[in-house]
Amino acid sequence: FHERVGALVKLSNNARTAERRRPLDEFNNGVVMTHRPLRDNELFEIRIDRLVDKWSGSIEVGVTTHSPTALEFPATMTNMRSGTTMMSGCGILTNGKGIQREYGEINLDELREGDRVGMIRRSNGNLHYLINGLDQGVAAKIPTGVWGVVELYGMTVKVTIVDRDEREEQNLVTRRNNLHLQGLTEVGEEEPLDRLTFHPCCGTHADVINNGRTAHRPNAMDDFNNGVVLTLRPLRPNELFEVRLDKIVTKWAGSIEIGVTTHSPTELEFPFTMTNVRSGTWIMTGNGVMHNGTSIIEQYGQNLDRLQVGDRVGVMRKDNGTLHFFVNGMDQGAAAVGVPEKVYGVIDLYGQATQATIVDNNDFYSPTTNNSSFSNTTLYSDIRFHHVHGKHARISNNGLTASRIRALGEFNEAIVIANRPLRDGELFEVTIDKMVERWNGAIEAGVTAIRPDELEFPSTMTDIDHDTWMLSGSTVMRDGVTLRLHYGCDLDKLSEGNRIGIMRCADSSLHYYIDGIDQGIASTGLPAHVYPVIDLYAQCAQVTIVQPDRRDTMTQQYLPSENSMSQQPTSVVQPPPQAEITHKFHESVGLNIQLNSERIIAARCREYNHAVLLSDSPLENNELFEISIQEIAGEWSGSLKIGILNNETGHWLTSMDLVPGMTSIPTDAWYLTGNEVRHKGLVLASNYCPSLDWLRVGDKVGLKRSHEGNLKFYINGEDMGVAATNIPEMVYAIVELFGCTVAVSITSNKQQACVMSPNASLRLQDSLELLLDPTPLVLIRNDGLDTSIENVEPKLVE
């Protein structure tokens with residue numbers, strides 16, 4: 001599209017995508033034009049990406065002789081009185097006057113998201129429109145030198161310029177025919193069409209993302225209110241409206257509030273907070289319940305202000321008019337009676353609560369730690385599908401199974417992604433459980449470097465234009481562009497029962513496996529930390545992750561290894577059990593650090609710097625040093641820094657109180673800050689791992705120097721890979737409690753020397769096997785240790 005656009009249009013995706021701002025407030029001023037005139041017999045085609053169900057009328061498409069550099073963009077192109085031909089609804093207008101009342105077979109106002117509209121000026125001057133690839137015939141006679149025009153009018157909010165895709169066009173035509181012939185309900189499909197989603201019309205500080213499933217307050221550090229979000233439709237009797245708390249900040253008081261209201265999202269004048277609404281509203285706030293701004297129950301249930309990331313809160317209006325609230329699935333009892341039948345679910349992302357996602361009853365629940373917080377890096381030691389997914393996808397079977405709802409009625413928008421990145425040499429494998437024969441094309445599989453919570457799920461994964469590798473049929477694609485044809489397998493020829501595997505090897509190459517057989521290199525040069533992606537496209541309706549065989553920990557014991565690829569157990573001679581000795585911090589600490597008596601807990605008591613810590617002693621080879629975050633303070637930017645120091649002389653150990661930060665250490669230091677690995681101020685690796693700025697209370701960060709001299713970091717037990725090489729021996733661990741990280745505790749134990757029979761056979765095991773073992777082998781905390789932050793004498797930053 002040309003950079004000059006209508007007053008409400010914004011461009012993205014290298015000017016291939018156009019979107020109308022404020023779509024629920026304005027319906028016009030959405031004109032966009034091509035950046036150059038159309039050539040003869042050149043197809044200009046766009047895909048409708050988003051519609052809103054508020055206005056009458058929809059997309060209008062045409063051509064004009066006016067250059068976008070000189071045109072004074074009108075509110076609507078049908079106002080143009082010269083050089084312009086437009087299709088609007090099912091009619092053709094030239095210079096604002098109708099020349100064909102009933103053109104073609106399809107009304108533009110009836111198109112759905114995903115449908116395509118194209119136009120061609122033939123060399124004889126005839127203008128043709130194509131709807132989902134079907135030529136609608138001659139629309140008008142037009143001159144040469146015309147620009148393509150798209151008007152994001154009424155219901156149409158967002159479009160993207162696309163290349164012709166005959167497979168997609170056939171599926172769109174099939175979908176349209178199905179709707180006409182059989183209606184919206186498919187026989188044998190149990191999934192309702194209208195899953196609960198958030199309405200895009202919401203509070204001024206809130207935004208709705210993830211296909212309407214997630215609401216967040218983007219500028220959570222700057223504001224604490226105006227975060228009210230309602231459901232798109234009213235709740236049904238006995239329907240549970242439940243959300244999972246995804247993100248919190250500790251800067252503010254108060255947290256999420258939830259309830260119901262008789263006000264529709266298009267009629268409500270959104271308040272600062274929902275407890276200000278004085279009619280038709282029931283809200284749970286804290287541990288009380290309010291009706292129309294007045295408290296009706298002071299002490300009702302669990303306090304919502306104490307919820308942590310991963311906790312769930314819900315509300316249900318029962319068919320007898322009684323209102324119940326739920327916390328982590330537990331009914332808190334009747335909160336009100338006589339609630340009207342037509343009420344919308346509502347949440348208020350107030351104070352600490354900054355993001356929440358709607359949870360379906362059939363979605364799996366993520367496991368939680370003791371304080372109900374979970375890591376954004378990995379939710380399971382086993383790999384699962386992430387709870388965020390495409391609009392038509394569903395996750396079940398505790399995260400192992402993904403299916404496309406209404407598989408006979410919809411063919412796309414069913415992308416699922418794994419909950420953590422692949423480790424080098426790890427095989428991610430799924431079995432095709434269910435196929436349908438109605439569509440063209442089938443499963444597509446690949447990897448992406450985009451984090452699940454940052455991915456804006458497209459119609460198909462091949463629409464993504466960055467950091468994504470996919471196999472579609474037998475074509476390998478990178479960022480939507482074909483890399484190679486006729487790869488070793490064709491996914492379109494698979495059937496139920498076949499297995500598809502994906503592996504990123506240590507040499508950064510991508511391999512696919514069919515029923516366990518390597519199909520060869522598909523691509524090279526992949527970055528570390530890529531997530532497996534499955535697109536349940538067209539014929540593929542359901543897949544299940546294949547779980548590796550688990551080890552019997554009663555008979556098979558392993559030692560962790562950095563690079564062993566063997567998965568065959570061998571005998572291990574077990575040394576006599578020894579008492580575990582927890583690592584400690586060195587007694588010399590930064591000026592603003594306080595240690596507890598055991599030197600296991602460290603807290604920053606003032607400011608944001610002068611908070612450097614060292615391990616009490618140098619680390620042995622392959623000895624893991626690990627800390628857990630105990631407290632964060634959201635008002636600070638930046639986060640924890642962690643690394644190692646070269647033990648050259650050690651004279652600086654006694655003067656840590658003079659060191660303001662990690663970069664001021666008078667010796668070699670290799671450390672991790674954000675997602676970068678640094679040495680002497682130089683960046684050794686960028687995007688090495690998920691940023692440490694994302695860490696929350698309970699998350700763990702560790703490091704070790706391997707026998708080979710490599711430095712590795714670990715986040716929540718997950719090996720992030722080699723960060724640096726040629727590391728000297730006997731290095732100290734160094735930690736800086738910088739920015740928002742206020743307090744940490746050590747969770748690792750010293751490596752114990754043991755005497756083993758010289759004839760003992762030791763086989764090392766790779767990190768994947770270790771994590772899949774249901775019983776942790778090392779680093780068990782001493783249950784008798786008091787790790788409460790109250791042991792720290794100075795008052796922590798609030």
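Modeller: Arg121 is buried, with a relative accessible area of 7%. This is a predicted model, in which local features need pLDDT of at least 70 and side-chain atom pairs count only at pLDDT 80 or more, while totals for chains, interfaces and linings use all residues. Residues are numbered from 1 along each chain as its sequence is written, and side-chain values use heavy atoms, with hydrogens and water left out.

Biologist: Why is Arg121 called buried?

Modeller: Buried means under 20% relative accessible area, exposed means over 50%, and partly exposed lies in between, with a 1.4 Å probe and protein chains only. Arg121 has a relative accessible area of 7%, so it is called buried.

Biologist: Where does Arg121 lie, and which residues is it in contact with?

Modeller: Arg121 lies in strand β9, where a strand is a DSSP run of E with at least two residues, a helix is a run of H or I with at least four, and both are numbered from the N terminus. Contact means heavy atoms within 4.5 Å, and, leaving aside neighbours within four places in sequence, the contacts of Arg121 include Arg39, Asp40, Asn126 and Pro143.

Biologist: What makes the pair of Arg121 and Pro143 a polar contact?

Modeller: A polar contact is a pair of N or O atoms within 3.5 Å; within protein, one must be able to donate a hydrogen and the other to accept it, and residues adjacent in sequence count only if both atoms are side-chain atoms. The backbone oxygen of Pro143 lies 2.9 Å from a polar atom of the Arg121 side chain, so the distance is within the limit.

Biologist: How do you know that β9 and β10 pair?

Modeller: Two strands pair if DSSP finds at least two bridges between them. Five bridges join β9 (residues 116-121) to β10 (residues 126-131), so the two count as paired, and they run antiparallel. Val117, for example, has Ile131 in β10 as its bridge partner.

Biologist: Which sheet do these strands belong to, and why are two of its strands said to stand at the edges?

Modeller: Seven strands form an open antiparallel sheet in the order β1-β2-β13-β4-β9-β10-β11. β1 (9-12) and β11 (134-141) each have a single partner strand, so one side of each is left without a neighbour in the sheet.

Biologist: How do the side chains of β2 point?

Modeller: In β2 (residues 17-20), Thr17 and Glu19 point one way and Ala18 and Arg20 the other, and all are buried. In a regular strand the side chains alternate between the two faces of the sheet. β2 pairs with β1 over four bridges in the antiparallel sense, and three bridges join β2 to β13 (residues 156-161), where Glu19 stands opposite Lys158.

Biologist: What makes β44 largely enclosed?

Modeller: Six of the eight residues of β44 (residues 625-632) are buried, so this strand is largely enclosed by the rest of the structure. β44 is joined by four bridges to β49 (residues 700-705) and by five bridges to β53 (residues 741-746), in the antiparallel sense.

Biologist: How many disulfides are there, and why is Cys90 called buried?

Modeller: A disulfide is a pair of cysteine sulfur atoms within 2.5 Å, and by this rule the count is zero. Cys90 has a relative accessible area of 19%, under the 20% limit, so it is buried. Cys605 is also buried, with 10%.
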